[in-house]
Every structure is written in C-alpha cells, then in structure tokens.
Amino acid sequence: MNASVILDRRKVLAGGGALIVSFSLTSAFAQDQGAPAPPAPKPPGSLATAPYLDSWIRIDADNTITIFTGKAELGQGFKTAFQQIAAEELDVAFDALKVVTADTKLTANEGYTAGSNSMHNSGVAIQNAAAQVRALLIAEAAKRLAVAADDLRTENGGVIAQDGRRLSYGELVAENMLHVQAQPVSDLKDPATFKVMGQSIPRVDIPAKVTGGAAYVQDLRMPGMAHARVVRPPSYGAQLTDCDAVVIEQMPGVVKVVRDGNFLAVVAEKEFQAIRAMQALAANAKWQESARLPKQDDLPAALMALPSQDKTIFEKNDTSVSGSKTIEATYTRPYQSHGSIGPSCAVAQFVDGAMTVWSHTQGVYPDRAAIAEMLRMPAASIRLIHVEGSGCYGHNGADDAAADAALIAHALPGRPVRVQWMREQEHAWEPFGPAMVTKLKASLDNGGKVADWQFEVWSNTHSMRPGGAGAMLAAQHMAQSIKPPEPKPLPLPEGGGDRNAIPIYKFPNARVVHHFIPDMPVRISAMRALGAYHNVFSIESFMDELALLANTDPVAFRLKHLDDPRGRDVIEKAAKEFGWQRGQQAPPNRGYGFAFARYKNLAAYCAIASEVEVNRETGRARLVRAVAAVDSGQIVSPDGLTNQIEGAIVQSTSWTLYEAVTFDDTRITSIDWQTYPILRFDAVPDRIDVHIINRPGKPFLGSGETGQGPAAASLANAIANATGKRLRNLPLTRKRIKDAIDA
Amino acid sequence: MTTLKVNGRDHQVDAEPDTPLLYVLRDDLKLNAAKFGCGLGQCGSCTVIVDGKAVLSCVTPLVLLEGKQVTTLEGLGNVSAPAPIQRAFIEEQAAQCGYCIAGMMMRAQALLQRVRHPTDEQIRAELGPHLCRCGTHMRIIRAVKRAAQLMDTAALAPTNQGIAR
C-alpha cells in the first residue's frame with residue numbers, strides 16, 4: 001500500500017511562515033518513542049520518557065503559551081488542573097495559556113489515561129517542565145539585561161529586573177531554546193507562595209457543555225461527512241452466513257454497505273437514514289451462533305472451575321503469634337458495565353493514503369498502533385486525535401468505535417465518516433469489568449487482634465486494551481481476523497485482579513494468593529479501579545466481620561492494625577466529621593458503616609463513613625449520607641477533587657446496589673437501562689461531604705479511582721449494621737437484602 | 001418539507017415525518033445540546049422543551065411537532081450571555097463528563113418555569129427519568145436550586161431577558 005505520511009502540523013505552519021519558536025522543525029521528537037535517552041537519573045513524571053521541554057510547553061513570540069499533555073480529558077477535569085499547574089510554575093495568569101490534549105501529531109506519548117496516573121505522570125511533567133522553562137527564561141533575561149539571575153523575578157508572563165526593566169516571555173524565547181532535555185531536579189515553587197494551584201478554579205470545559213457548544217466527538221461535523229452504523233453480531237463468535245446488501249443500498253440516503261467477514265456496517269448521508277438501514281440490515285443478516293457463555297446462576301463456581309495461574313504475591317510469617325478464633329468468607333462480584341451515557345463514537349477520514357481518526361480513546365498512541373496493524377498501514381500514516389466523549393470509567397467501546405470508523409472510512413476514501421454505537425451495542429459489546437471471587441480467612445488472637453490473614457482472589461486480567469489490533473472488535477470480525485492478544489496479569493505493585501489485594505494493615509501472619517484466569521468467556525477489560533473495587537470491598541467487609549468477632553468498634557479495629565500515619569489521618573477525619581462514636585446505635589432501620597483504603601497501596605488515601613436506611617419489607621437499601629476524607633497529596637483543585645470523590649461514591653453505590661451484566665447461554669441480555677438498571681435520582685443520598693487533607697509540597701497521588709472500593713464496603717458495612725445480616729455477593733440487591741432479612 | 005419552530009425560528013426540514021426530533025436537531029439544524037444516549041426514552045440525554053414541557057426528543061417523531069415551539073439548551077443562552085440555569089450549572093460546577101447535563105438542564109428549566117421554587121423532593125422526582133453515570137447528582141440538585149434563585153434576580157432586573165449577569 002502506498003500510504004502517505006501525515007504532515008506534522010508544526011512543519012506545515014513553519015512552511016506557511018508562522019513563527020514557531022519553540023519546536024524543533026526537523027525531528028518529530030514529541031511523538032517519537034525512540035527519542036534520545038534521557039540523562040540518568042531520569043527527570044520526574046512523564047518527562048522520563050518525553051524529556052524535551054518543548055514536548056510540553058510552547059511559547060510563541062506573541063506570548064501565546066500552549067501546554068501539551070499526552071493525557072485525555074475524560075470529564076475528570078484535569079485539563080483545568082494541568083492549566084493551573086503550568087500557570088503556577090510559569091508565573092503567568094491562568095487564562096494566559098491553553099492546554100492541548102492527546103494527539104499523535106502534537107503531544108508526547110503518555111500511553112493510556114488510566115489508573116489515576118494522570119496527575120503523577122503528566123501533572124508532574126508539566127509542573128517540572130514549567131519550572132525549568134521559567135528558569136531558562138530567567139537565564140536568558142539575565143544575559144540580555146546583563147544582571148544576575150538572582151536579581152530577576154518573574155511575574156505575569158514576564159521577567160522583571162530590580163530597576164523595573166521587563167522582558168516578556170514571548171520576547172525572551174528564541175528558536176529551539178526550549179528544545180532541551182529536562183533536568184532531573186527542578187526549582188519548584190514553595191507551596192506557601194501558590195496563587196493558582198490549590199484554588200478551585202472553574203473548569204475550562206464546563207461552559208461549552210452547558211450551553212450546547214461543540215464539546216464532544218459526537219458533536220464533530222465536517223464537510224461531506226457521512227453517518228455510519230455497525231451491525232454487530234448477535235453474540236460472541238457468531239458467524240455471518242448471509243445478508244442482502246443490495247436491497248439495503250437501495251434505501252433512501254444509503255451510500256454503501258461495508259462487509260468484511262463478520263464485520264458489517266452501513267453508511268448513509270444522514271444519521272437517521274443510517275439507523276434505518278442498520279435496522280433493516282440487521283433484520284436480513286443471518287448469523288450462526290454458538291452457546292459459549294457460562295451459567296450466570298453459578299458464575300463464581302464457573303469462574304473458579306477455569307484453569308488458573310496461581311501465585312503467592314505476599315507472605316509474612318511470625319510463628320510467635322497465633323490465633324484462637326477463626327472465620328472465613330467468600331465474596332463475589334459479577335461482570336459489570338461501564339455504562340457510558342453516550343454510546344461510543346468516532347469520526348475517521350481516509351485521504352490520499354493517510355487516515356485521521358477523532359476518538360474518545362484513552363490512548364491515542366496505542367490506538368494508532370492497533371489501527372495501523374488492522375489496516376496494514378504504517379503508523380506514521382495515521383493520526384489519532386482525542387476528542388472528549390461521554391465519561392468512560394475505563395475501557396468501554398471507545399477504541400472499538402475508533403476501529404469501526406477507520407475500517408469504514410478506509411472503504412470510503414475521501415469522506416469523513418462518523419460512527420456512533422447504538423445503546424444496545426454499547427451494553428452488549430463493551431468489555432465489561434471482570435467478575436471476581438475472593439476467599440478470606442483470618443484468626444484473632446486473645447487480644448482481639450488479627451493473628452493470621454489469608455486472602456485469595458480469582459480473576460481475569462483487568463486490561464484487554466489495545467495493545468494490538470486483536471483487542472478491537474472490528475479487527476476480530478474482519479475476514480482476515482486478528483485474534484485478541486494473550487491476556488496477561490498486570491504487574492504489581494499496581495496489579496490488576498490483585499490490585500489492593502495485599503492488605504495495608506499490619507498483620508503478623510499473612511498470605512495473599514492471586515489466581516489469574518486466562519480464559520475470558522465474557523469480553524472484559526479495565527473498569528475504574530480494576531480489581532481494587534472488589535478486593536477493597538472484600539477486605540473492608542471482612543475487617544468489619546472481624547471487628548464484630550472481636551467485639552471492637554470497626555474504626556478502632558482498623559486503627560489498631562494500621563501504622564501508616566496518613567492512613568490513620570483520613571480514618572480519624574472521616575470518623576470525626578461523620579460523628580462516629582464507639583458503641584453508637586443507629587436509629588431503627590438505619591445502619592452506619594465505615595471503610596478505608598489507599599488506592600493501589602500507593603496512590604490517594606480515602607476513608608468513607610456511611611449511613612443507610614433499609615426497608616425491611618422490600619429490602620430496599622438507600623445511602624442516606626456519606627462522609628469522605630481524602631489525602632491526595634498536594635491539592636491542585638479542591639473542588640475538582642471533591643467532584644471526583646462525590647462521583648465515585650455515587651457511582652460505586654450504583655455498582656454495589658444494583659449492577660450485574662446478565663446473559664443466557666449465548667447472548668448478553670442486559671442491553672439497555674431497563675435490563676441493566678443503574679442508580680436514579682430517587683436513590684441519591686441526602687448529602688455527601690468530602691473532607692480533603694492537603695499535603696503541601698507532597699507528590700500528587702491521583703484520586704479518580706480511590707473512592708470506588710471504600711464506598712462499596714462502607715455501604716455494605718452499613719447494611720450489615722442495619723440488618724444484622726452480612727451480604728457478600730455483589731450487587732447487594734433488594735432481593736438479596738430481603739432474603740437475608742427473612743432468612 | 002416540515003416547518004419546525006426551534007428556538008424562536010422557523011426551519012424548513014427535509015426529513016421523513018417519523019424521524020425522531022433528536023436527529024432533526026442534530027443532523028439538520030446542527031445543534032449540539034440534545035444528545036443521543038439510548039434512543040429508547042430511558043436516559044433523558046436528549047431532552048428538549050416543547051411548548052413548555054420536557055420531551056424526550058429521541059422518541060418524538062417530527063410529525064408531531066408541526067406548529068409547536070421547540071426549545072433546546074442553545075435557545076436559553078450562550079457562553080457570553082448564559083441563562084440563569086446555565087450560570088447555575090457553571091457556578092456549581094455541576095458536571096463531570098457533562099454528556100447528560102444538557103438534558104437534565106432542559107427538564108429542570110421546564111420545572112422552574114412551572115414551579116418557581118421547587119423543593120429537593122420535587123427536583124429529585126422531576127429528574128427521575130434522567131441518568132448521570134459520573135455521579136454528579138448532588139451538584140445537579142444544587143444547581144437547579146441555584147437557578148431558581150438566579151431566575152428571581154433576573155426577573156427583578158430591568159431588562160427582563162431571562163439572562164442574569
């Protein structure tokens with residue numbers, strides 16, 4: 001294939017006479033993973049892999065300042081946070097710069113926007129790059145003004161001498177001045193002097209979103225754009241045996257039916273024409289299906305019957321301590337759906353051998369590589385541009401929709417093609433959060449402390465992201481089908497199925513085993529918090545069971561086993577603000593619960609106290625109020641963090657009370673909001689209070705996922721407190737609660 | 001051709017009469033606010049106001065709308081002159097991804113036009129048909145209450161344009 005190489009916008013601009021001062025015009029360093037090796041020791045955050053300062057910051061002669069991040073705004077608000085960080089360290093007004101997010105032509109390769117890593121990868125890189133750029137500008141000013149650098153200060157985008165002479169950053173910056181590698185250590189500002197960081201600055205993306213501005217990939221409109229819809233198979237592995245494309249191509253507005261093996265799509269001039277044609281095509285397509293799904297009624301047993309690779313990931317022995325009272329319990333989690341409100345969408349255009357894809361993917365570079373493999377094109381001929389979509393909470397249909405759009409656009413050269421999935425497709429075909437089983441066993445010594453702790457977790461991998469075209473449905477379904485890559489357990493310390501499986505508490509004897517299950521009978525991948533959701537639910541539920549056995553207050557019981565001072569602080573803060581008291585008694589039909597975790601045992605700390613009410617007649621449980629305390633290190637935007645934690649509590653409450661993917665022998669049967677109900681306004685708590693413990697100058701810890709596990713366990717513990725019955729199988733449905741009460 | 005009145009203006013629309021309003025708004029009139037969420041009337045993302053009532057545009061065919069007044073979020077205000085409901089959602093930072101928010105705002109607007117000072121319970125009940133996956137519910141409720149206050153201020157202002165500054 002004669003695929004052309006997409007021109008670098010910077011080169012085009014330079015050719016057009018625009019003054020591009022800060023970018024190298026010859027090397028595509030920003031997107032080139034093979035950049036020269038950074039000096040050792042490595043600079044912090046993503047500077048370690050993209051060390052050039054101008055990969056992150058560009059200053060134009062007209063004082064325009066642009067910040068580049070390889071991360072994608074997913075609705076977490078970090079685009080605003082990054083702008084705050086850069087403004088702070090550069091000493092410019094917040095409004096004086098703009099942030100460009102993930103784009104394979106413009107930004108560094110920062111892999112995936114996932115795992116609550118954006119702040120400590122990209123935020124740290126931007127902070128340090130900004131500080132070092134500021135130092136370079138001061139050095140340049142010192143040279144030009146013939147004064148010592150120490151006699152200069154920066155303010156509002158300029159360097160100012162003691163005699164009042166001022167040079168703006170735009171005047172100071174010279175070609176390639178910022179095309180230097182970052183140093184390992186930066187002269188960062190003293191947090192006590194922060195003006196922009198630590199403030200709750202209104203998010204930059206919200207005004208467009210609340211006024212009907214073009215805010216999402218779904219809103220992209222291009223000249224000549226056609227609308228496509230995919231006809232997905234009715235079930236995993238179904239083979240297309242027959243379909244009548246001719247009759248469909250005669251329908252109003254239909255441009256083309258695209259068939260490639262089991263991949264089937266239709267393109268039309270208008271969106272609803274595409275939907276009509278898709279429905280007609282789906283009705284006339286014939287598929288051969290096979291019953292290959294496990295029995296949903298007995299999912300935990302079905303999972304545990306699959307072959308597993310067993311690994312002891314933590315072991316600690318102290319033979320001088322032994323327990324007297326022992327309990328054990330099994331906890332389960334079903335497959336759960338990301339459930340994005342906006343079905344996945346992408347736009348692609350194939351012109352003169354070059355492909356451009358606009359996608360709400362979490363990883364533009366991995367997606368580009370996967371699409372290149374699928375289309376057998378060089379990656380350099382493909383440009384992936386991130387455009388916001390509906391919240392994804394992990395690996396939903398975004399990458400698949402990007403592949404769909406690319407495959408269809410490839411068959412329709414020249415025209416931009418917009419694909420959006422239907423609700424039923426998103427629900428049936430997204431890669432779900434994996435089902436999991438945990439078995440716990442622990443003994444208490446005579447003093448009521450844990451003497452021995454045993455934890456085993458059975459799980460699939462928690463990431464089937466591309467990594468390879470085979471991770472995407474279009475590539476699996478096309479005639480020259482590409483197989484999904486071999487699943488791998490995600491490495492510790494972050495882990496996947498074993499994320500947060502190792503207890504943060506100090507137990508004299510402990511053993512943690514990860515049973516990694518390679519077979520994936522149901523399509524799965526990364527969902528917010530990965531295994532930490534279920535592992536924290538299990539550990540923190542079991543801690544309450546043990547506290548009950550020890551006849552100890554659950555908060556006191558946790559503190560008895562925890563050394564980490566920052567962990568203790570969030571526990572004490574949440575308990576105090578909740579009004580938690582030893583020996584407390586909730587009003588009738590109400591219950592109090594508590595839970596705590598440090599996400600991944602290395603990111604943000606989060607403790608949550610909950611009050612629930614349970615209707616004993618119906619079994620309905622409602623979260624009445626929740627009080628959270630969070631330590632996320634240095635805070636950039638208190639309101640941004642609060643918004644994340646509030647959202648985590650509400651979303652986790654929905655997962656925990658209602659949600660399970662359903663299926664029969666052959667098909668996924670939870671295909672809309674009726675068959676996969678989630679939390680609605682009638683179940684929203686009366687209030688949620690989030691208390692932030694700021695740690696000025698401490699590393700950003702990342703907090704987008706820290707609330708998922710504690711919220712679940714806190715709720716479960718409150719339900720147990722209200723009913724006297726312990727529920728261990730997620731979700732904690734009305735029926736399960738009612739059955740437990742009646743048992 | 002169907003004549004459709006949207007945000008105070010007549011539009012000649014060339015679409016099949018059974019085309020759901022949502023696609024006419026997005027595809028023919030190039031409006032962004034109403035969103036495709038489910039196409040089944042289950043999530044509320046596509047909500048617009050028709051003759052003062054909140055309507056799910058994804059299940060409302062064009063043929064039913066002749067002679068009616070359709071209002072979308074774009075019709076309430078814009079970034080430089082936001083309507084009270086828009087100002088309220090900005091001030092409360094009542095969005096995460098924000099995909100559901102336009103629909104929420106339109107139903108809230110319809111409620112506030114009917115009930116000037118709704119209680120929390122009324123707001124929750126009214127927003128029952130709407131789903132938010134990010135869990136922004138607490139802020140959405142606060143924003144609707146704030147919008148009610150801002151509308152009072154706007155009503156008192158000399159230029160009663162429904163735009164509070």
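This is a predicted model: local features need pLDDT of at least 70, side-chain atom pairs count only at pLDDT 80 or more; totals for chains, interfaces and linings use all residues.
## Chain B: elements and size

The tally is five helices and five strands.

How does the radius of gyration of chain B fit a compact globule of 165 residues? Such a globule would have a radius near 15 Å, and chain B has 15 Å, so the two agree. Along the principal axes, the C-alpha atoms of chain B fill a box of roughly 40 × 40 × 25 Å.

## Chain A: domains

Chain A is assigned three stretches of domain. Domain 1 covers 9-209. Domain 2 is written in two pieces, 217-289 and 340-428. Domain 3 also has two pieces, 436-462 and 497-742.

The centres of domain 2 and domain 3 of chain A, taken over C-alpha atoms, lie 38 Å apart. Contact between them involves eleven residues of domain 2 and twelve residues of domain 3. On the domain 2 side, the residues divide into four nonpolar, four polar and three charged.

## A helix pair in chain A

Helix α9 of chain A spans residues 364-375, and helix α10 of chain A spans residues 398-410. Their axes come within 10 Å and cross at roughly 40°. Angles under 35 degrees would count as roughly parallel, and 65 to 115 as roughly perpendicular. The α9(A) and α10(A) pair is therefore oblique. The crossing is right-handed.

Which residues of α9(A) meet α10(A)? They are A:Asp367, A:Ile371, A:Met374 and A:Leu375. Across from them, α10(A) presents A:Asp399, A:Ala402, A:Ala403, A:Ala406, A:Leu407 and A:His410. By class, this contact has seven nonpolar, one polar and two charged residues.

## Where chain A meets chain B

The contact between the chains takes in 48 residues of chain A and 49 residues of chain B. On the chain A side, the elements that give two or more residues are α5 (206-209), α7 (271-284) and α16 (638-658). Which of the elements gives the most? That is α16(A), with eight residues.

What is the class make-up of the side of chain A that touches chain B? This side has 21 nonpolar, 15 polar and twelve charged residues.

Note on methods:
Residues are numbered from 1 along each chain as its sequence is written. Chains are lettered from A and ligands numbered from 1 in the order in which they are written. Axes are lines fitted to C-alpha atoms, for helices over the stretch in contact, and angles run from 0 to 180 degrees between N-to-C directions. Helices (H or I, at least four residues) and strands (E, at least two) are DSSP runs, numbered from the N terminus. Angles under 35 degrees count as roughly parallel, over 145 as roughly antiparallel, 65 to 115 as roughly perpendicular and the rest as oblique. A crossing is left-handed if the near helix is turned anticlockwise from the far one by less than a right angle, and right-handed if clockwise. Two residues are in contact if their C-beta atoms, placed from the backbone, lie within 7 Å. Ala, Val, Leu, Ile, Met, Phe, Trp, Tyr, Cys and Pro count as nonpolar, Asp, Glu, Lys and Arg as charged, and the others, Gly among them, as polar. Domain bounds come from an automatic or database domain assignment. The radius of gyration is taken over C-alpha atoms; the globule rule is 2.2 Å times the number of residues to the power 0.38.
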